[in-house]
Amino acid sequence: MSHLKLNRRSLLIGSAATTLAAPSIVSANILGGGPLGQGTTPLKHGIVTVADFGDVKIHSYQSPDLTGCVTTHVIETPERLVFVDGQRSVIYGQEIRDYAEATGKPVDRMIISHLHPDHWFGAYQFRDVPIYSFAETQAEIDQLGEFFIEISIESLGEHVPPTKVVPNRVIEHGATEVIDGVTFEFRHVTDAESDNMMTIYLPDQKVLIAQDMLYNNCHLFCGHGNFDGWKTGLLEMQKDTSFDLVLPGHGPTAGSRQAIDDALVYLDYTQAAYAKAATGDELKAAILERYPSYLAAGLVDIQNLFLFPKT
């Protein structure tokens with residue numbers, strides 16, 4: 001199979017008119033108790049899990065399966081709120097904003113990790129604050145944003161924003177910024193789940209916000225075909241001992257490195273299945289047979305629009 005590169009518009013038009021050391025989500029003071037059900041707060045739509053580091057808390061919101069169990073992470077500093085990714089829904093984006101603003105603290109900014117609309121549709125509810133990304137992501141959303149909206153209206157309806165949300169501030173690759181006393185390191189990743197991606201490291205808290213470099217108990221979106229590059233990035237993450245807690249872009253915040261191992265196995269399997277499959281239906285059947293309990297099966301259908309474009 002060929003290695004896919006952007007132009008996503010032409011493809012889609014054709015097809016669619018180790019236990020962790022403290023502090024961690026396991027051992028930190030978590031609102032409501034421990035992880036995986038005990039430390040979660042159900043909202044009307046999504047679920048929030050909180051890792052408490054004292055003056056800094058990280059609120060991780062997971063959306064329903066409808067939008068791929070995608071996560072938004074809110075870093076609550078002593079005086080401000082920093083949001084990482086904005087959901088695939090204006091409804092869910094507003095829900096996590098309302099939840100976080102109940103702290104009485106103002107929103108400092110929204111940060112968009114990459115192009116895919118499940119990470120910026122809900123950022124429409126943050127148009128009044130600075131919205132940051134890498135320059136590549138800014139350009140990609142500007143180029144493809146309206147098209148993503150167009151092809152999502154039928155399936156998502158009221159969840160879709162009326163206009164694209166293009167980041168209005170640029171973060172440099174490898175930049176470090178201190179926001180209200182909290183150090184953020186912005187890392188650029190290429191040729192993985194998307195062609196350009198951001199991960200964020202908080203060295204004082206020893207937290208890696210991996211976003212879509214990592215999924216947990218969810219089907220991985222492999223639509224860009226960057227299997228080898230993604231696996232290389234995950235192997236580097238696997239070797240990195242600087243973080244105690246890794247936060248995924250999709251699925252439950254479990255606080256375990258096991259998700260990295262699981263993702264590598266998933267990518268190996270899906271890459272081999274893709275090489276054998278003649279159609280998207282064949283690939284989907286193979287993936288669902290191997291991973292019947294994984295969440296967000298709809299992501300497999302979306303990825304197949306990319307991997308098997310109609311001519």
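Start with W230. Setting aside neighbours within four places in sequence, W230 contacts D191, A192, E193, D212, M213, Y215, L220, F221, C222 and L267. This is a predicted model, so please keep that in mind.

W230 also belongs to the largest nonpolar core, which has 40 residues; along with M213, L234 and M237, W230 touches the most other members. Which elements give two or more residues to this core? They are strand 11 (196-202), strand 12 (207-215), helix 4 (227-239), helix 5, helix 6 and helix 7. Helix 5 supplies the largest share, eight residues. Another core, of 29 residues, lies apart from this one, and includes L115, F121, A123 and V160.

Now the helices. Helix 5, residues 258-276, packs on helix 6, residues 280-290, at an angle of about 150°, and the axes are 9 Å apart. Angles over 145 degrees count as roughly antiparallel, and helix 5 and helix 6 are therefore roughly antiparallel to each other. The crossing is right-handed. On the helix 5 side, the contact uses V265, Y266, Y269, T270, A273, Y274 and K276; on the helix 6 side, E282, L283, A286, I287 and R290. By class, that is eight nonpolar residues, one polar and three charged.

Helix 6 packs in turn on helix 7, residues 298-307, at about 140°, with axes 10 Å apart. This crossing, too, is right-handed. From helix 6, G280, L283, K284 and I287 meet V300, D301, Q303, N304 and L307 of helix 7. Those residues divide into four nonpolar, three polar and two charged.

Notes. Residues numbered from 1 in each chain as written. Predicted model: local features only at pLDDT ≥ 70, side-chain atom pairs only at ≥ 80, totals over all residues. Heavy atoms only, no water. Axes fitted to C-alpha atoms, helices over the stretch in contact; angles between N-to-C directions. Helix = DSSP H or I, 4+ residues; strand = E, 2+ residues; numbered from the N terminus. Parallel < 35°, antiparallel > 145°, perpendicular 65-115°, else oblique. Left-handed = near helix turned anticlockwise from the far one by under 90°. Contact = heavy atoms within 4.5 Å. Nonpolar A, V, L, I, M, F, W, Y, C, P; charged D, E, K, R; others polar. Core = buried A, V, L, I, M, F, W, Y, C linked by side-chain atoms within 4.5 Å. Buried < 20%, exposed > 50% of the residue type's maximum accessible area, 1.4 Å probe, protein only.
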